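Reader: I am new to this structure and would like a close look at a single part of it. Please keep the account plain.

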Amino acid sequence: LFLWLSLVWNLRQPNGNGSQLVLAASCIIVEFQSEAHVGEMDFDCSSIAHCSHRRHVGMPHRNDMYWDISGHLIWHSLKCRRIWRMALILLLAGIASWGVFGMKHDSTSGRSFIIARTMELISERPLFGYGHNGFEREYMQHQADFFMHHPDSEYAWLADDISHPLSEFLLVWTDYGILAPILMLAFYIFPFSLYFSNRDKQLGRLLPSMITIIVFSVFSYPFMYPLTALTCLVVVYVCARQMGLNKWIRKQWPLMGTRKGRIVKTAACSALLLLLCWQYSYEYRFSQAIDRMNSHRSHAALPRFNALYSHYHGNQYFLYAYMGCQYRTSHLYEALNTAWQLKQYCSSYDIELLTGDIFRHLSDHLQALSHYERAYWMCPVRFAPLEGMLLTYEDMGNCVKRDSIAHVISQKPVKVPSADVERIRQLARECLDGR
């Protein structure tokens, strides 16, 4: 919010620096109060980039280019003196290192664990990857295998259900092979190369946003948000115009510059808008089905899921919700069939746990135990798989195994206290007291 307000103010009033500094300072305070690693690293990288510029080598005047809010604040406070710039760069580098390794140690350790396991996946297929959705299909299985072979690992306390490697470069490498991150890096570098060759003002205003996208692509998942894709589209358009592609298109298709061409473009935009409205209607119906299921009206939600299946049959989020609705309405074999479809797109702790519940209600105890155990090794800190195993052994009449699991639950440390965890621990205590 502060970033875009500052951008709008800069475009409307290039000399109005007072309000910009207020917005910049407010944004920086909020950022550091949130203790977000990636945000702080973006602040440092943007500030270093701006403080490293030297105006006597051709850098445009500050009013000719939209400065990133952090760099804008520091630039005017230190007056661009070389010695201060170098001191500030060293200071920011130290702050970045302290922020990564000194603050939120558990978060940093968890990220390093995910990156290490992802690199192990990549090392098995570095050239061509695992295909579309390859990371989501393979990673949690690989994490479960790791904890099965290293049950005493310090990372077991930090394990969670992971659907992204926290780096866009690693994600595309895992899915599509080594060529994908190379192309992504080239896409990021090209606007900077083009800007420094012709110093276009409009492209220069977009470069701070590109710095942010690059930092977040290395350490996070920016393309899960529409604003990132929109910014990249704008950069592509501006770069294409700088390269003269718009003139080439008008030369190849003279119709595009005429009244008929404008009518065609308007019709195309209208068709796109209608397509978005059509897609939104399905999203709205999907959200209604979810609301009914979450309000304990699964029987009313099931017909809506059935109607939406033909449209969303390849959507993993829909399939998981559909599987849950079928389970709640006791359509167990249909839910099992949905589970097999879902595993073609992803593998997760929640899927394994729900599949174990389905097999337990079908009295297929061995399959239920297999899925509960797989869910447990995916996230060893969780209690729900142990509860599933306890109930399964109780259904089998195996009191020895049941009490063994109950003892594990009673001795297991709690990471996040909750009503469900307390309920499971109470169930374990009752089993041990009644043996």
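Which residues have the most contacts inside the largest nonpolar core?

Author: The model is a predicted one. Its largest nonpolar core has 64 residues, and those with the most contacts inside it are Tyr139, Phe305, Phe318, Met389 and Ile409. Helix α18, residues 365-378, gives the largest share of this core, with seven residues. A separate, second core has 18 residues, among them Phe169, Met184, Leu203 and Leu207.

Apart from neighbours within four places in sequence, Tyr139 is in contact with Phe113, Ile114, Arg117, Thr118, Leu121 and Ile162.

At the start of α15, a side-chain oxygen of Asn315 comes to within 2.9 Å of the backbone nitrogen of Tyr317. After the helix comes Ser330, in the loop between α15 and α16. Most residues other than glycine have a negative phi. Ser330, however, has a positive phi, near 65°. Ser330 is exposed because its relative accessible area is 58%, and the cut-off for exposed is over 50%.

Ser363 also has a positive phi, near 65°, and lies in the loop between α17 and α18.

How values were computed: Residues are numbered from 1 along each chain as its sequence is written. This is a predicted model: local features need pLDDT of at least 70, side-chain atom pairs count only at pLDDT 80 or more; totals for chains, interfaces and linings use all residues. Side-chain values use heavy atoms; hydrogens and water are left out. A nonpolar core is a set of buried Ala, Val, Leu, Ile, Met, Phe, Trp, Tyr and Cys residues joined through side-chain atoms within 4.5 Å. Buried means under 20% relative accessible area, exposed over 50%, partly exposed in between (1.4 Å probe, protein chains only). Helices (H or I, at least four residues) and strands (E, at least two) are DSSP runs, numbered from the N terminus. Contact means heavy atoms within 4.5 Å. A polar contact is a pair of N or O atoms within 3.5 Å; within protein, one must be able to donate a hydrogen and the other to accept it, and residues adjacent in sequence count only if both atoms are side-chain atoms.
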